[in-house]
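Trainee: Could you walk me through how to read a sheet and a domain boundary in a model like this one?

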Amino acid sequence: MGNAWKFGDNIDTDQIIPSQYLVLPTIKDMSKHAMEPQHPDFGKTFTPGDIIVGEVNFGCGSSREQAPLVLKELGVQVIIALDFARIFFRNCINNGILPIEHPCAKEISDKDILEIDLQNGVIFNQNTQKKYHFNKIEGYLAEILDAGGLPEYIVKRKEKNG
Amino acid sequence: MSIKNSRMTATELIIARHANRDRVTPGEIVNVSVDLCMSNDATTLLTEKIMKERMKTNMVWDPSRVVIIVDHQVPADSIDTSIVQQGMGRFVDEQGIEKYHTSDGVCHQVMLEKYVTPGSLIMGADSHTCSYGSIGAVSSGVGSTDLAAIWASGETWLKVPETVRFILDGHLKPFVSAKDIALHLISLVRANGLTYKTMELSGPGLTPLTVPERFTICNMAVEAGAKSTMIIPDNAVIEFFKQLGRPFDNQALMAELKETENAPCSAEINVDLGALEPLIACPHYVDNVRPLSEIEGLKIDQAFLGSCTNGRIEDLREGAQLLKGKTVAPHMRFLVTPASVNVYKQALEENLISIFMDAGAVVNHPGCSTCWGAHQGILAPGQRMVTSGNRNFKGRAGSPESEIYLASPSVVVASAIKGALTHPKEVI
């Protein structure tokens, strides 16, 4: 359960982590500046379990993986949007963040309290009392997510195959 | 074989070859071998960390297939940046990577000049990697984890993209350029219209376009979300490589790719190039495209001519031709950054650089420069820039309170002269 942080269309990776901070030595240092052009306090006030909600084309722009990594550092586990840009979508999966594509993103407002049941694929909005079902990611991508990301999946597979 | 091939698009054919399969179909996930992979100073060290710490792999699979290019902040502008570049030097030495460029230009221009070939499959940790479809390669941008997996294994998984075919017809009017085609296509499909798809360009209107012009269009396809691009290589491509001194003459591959030109695709969109006029992408979205005529006269503070989109010799020639004998507007900061050292040297030889400098421009060493927004020509709150680059996101070139307008090289230069968004015909 967590608060929704609502953003609009085309939130690009320059919004998620502006380019001038990419040279900072650690992801933790960068994460303080996450979403800065949109929401100057985001990096300081985001609480683990809160949920980012975007609309069209979330994560477009540069391929910088620092974008999902700063969000993960802040405790983002799930992002809901109408749709995601391709590279960002892959980067999320590869780092164990679940990107949920769902039209309900339009109906969620900033600061709504959301409950997400990953097991059953259900989003519940406490403020509007609306319940939404989403298709769980399956197959190869689910195996990557379950392992916690692509690197962990590769290591696990290697160990399994001896 | 040829009957089978004729049912696949060029992109599907190239992916099938790299997946060791007879055929692939859009939507399926396949494992492919990668011919070349590339990363730059924004992405290399993160990729190294992921490969070593999280994938428990110490060495890249084949150093001869790994390209590393320093281009985003050249020369280093801070201690942090310098530490990053120092780390890249250590990494390439340790791995025995020879395709390493510390100051030769923007990665995509360097890749075009030195490495990419038709029919190859290339992945890069930079979103504009999709540019190489302009010469008939399948290429796509990835994040650092995907690149780390490629470094470790030489392979990656791909969802075979649907092909959207844009059939170009007609001829561009004077002062309308490849950049305007790119902006027009993006405005047609919007910023997410090609997500997970490949953009194939064809038709009679394509034939007269040069490889650099095609590169400009393919480069910007990612601004519509495209995974990759494809132009079936023709004589213009052979001629381009000949002039580059890196001849390509694989007639068998050319013929095979040509056979795919009518293969079924998911959508066809007809575009009349003759109907286009100079366009501008307005803040803060690349698909917020308007005709220049609607916003002519808007005051600007900075103009930038450069980038992997529009920093080639043809773009500098176009700008210099308009600028010759004139000066930029008072208080205008006009920045020119050739896309590569080769472009820079050619521009020096043709006396273009002196035209820019005499007009009051600052000429920078080749690199991403102002286009990526963390290096040269940072904007103050309230300032406006017109740029030949590829992104106008909020805060992309400095203050979130600044504004970026994307346009063709000739509109950039005309606007630098007048100090306001200007049609090039006004400065002739």
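Mentor: Happy to! Two strands count as paired if DSSP finds at least two bridges between them. Keep in mind that this is a predicted model.

Trainee: Over how many bridges do strand 9 and strand 10 of chain B pair?

Mentor: In general, strands of a sheet pair through backbone hydrogen bonds, either parallel or antiparallel. Here, strand 9 of chain B, residues 197-202, pairs with strand 10 of chain B over three bridges, in the parallel sense. To find your place, look for B:Met199, which stands opposite B:Thr229 in strand 10 of chain B.

Trainee: What is the strand order of the open sheet in chain B?

Mentor: The four strands run in the order 10-9-8-11, with parallel pairing. At the edges are strand 10 (228-230) and strand 11 (267-272) of chain B, each pairing on one side only. From one strand to the next, the twist averages 25 degrees.

Trainee: Now the domains. Into which residue ranges is chain B divided?

Mentor: Domain 1 of chain B covers 2-273, and domain 2 covers 280-427. Their C-alpha centres lie 25 Å apart. Across the boundary, 31 residues of domain 1 of chain B are in contact with 33 residues of domain 2 of chain B.

Trainee: Which helix of chain B supplies the largest share of the side of domain 1 that touches domain 2?

Mentor: That is helix 7 of chain B, with five residues. Helix 5 (107-114), helix 7 (178-189) and helix 8 (211-219) of chain B each supply at least two residues of that side. By residue class, this side of domain 1 of chain B has 10 nonpolar, 13 polar and eight charged residues.

Terms used: Residues numbered from 1 in each chain as written. Chains lettered and ligands numbered in written order. Predicted model: local features only at pLDDT ≥ 70, side-chain atom pairs only at ≥ 80, totals over all residues. Axes fitted to C-alpha atoms, helices over the stretch in contact; angles between N-to-C directions. Domains from an automatic or database assignment. Contact = placed C-beta atoms within 7 Å. Nonpolar A, V, L, I, M, F, W, Y, C, P; charged D, E, K, R; others polar.
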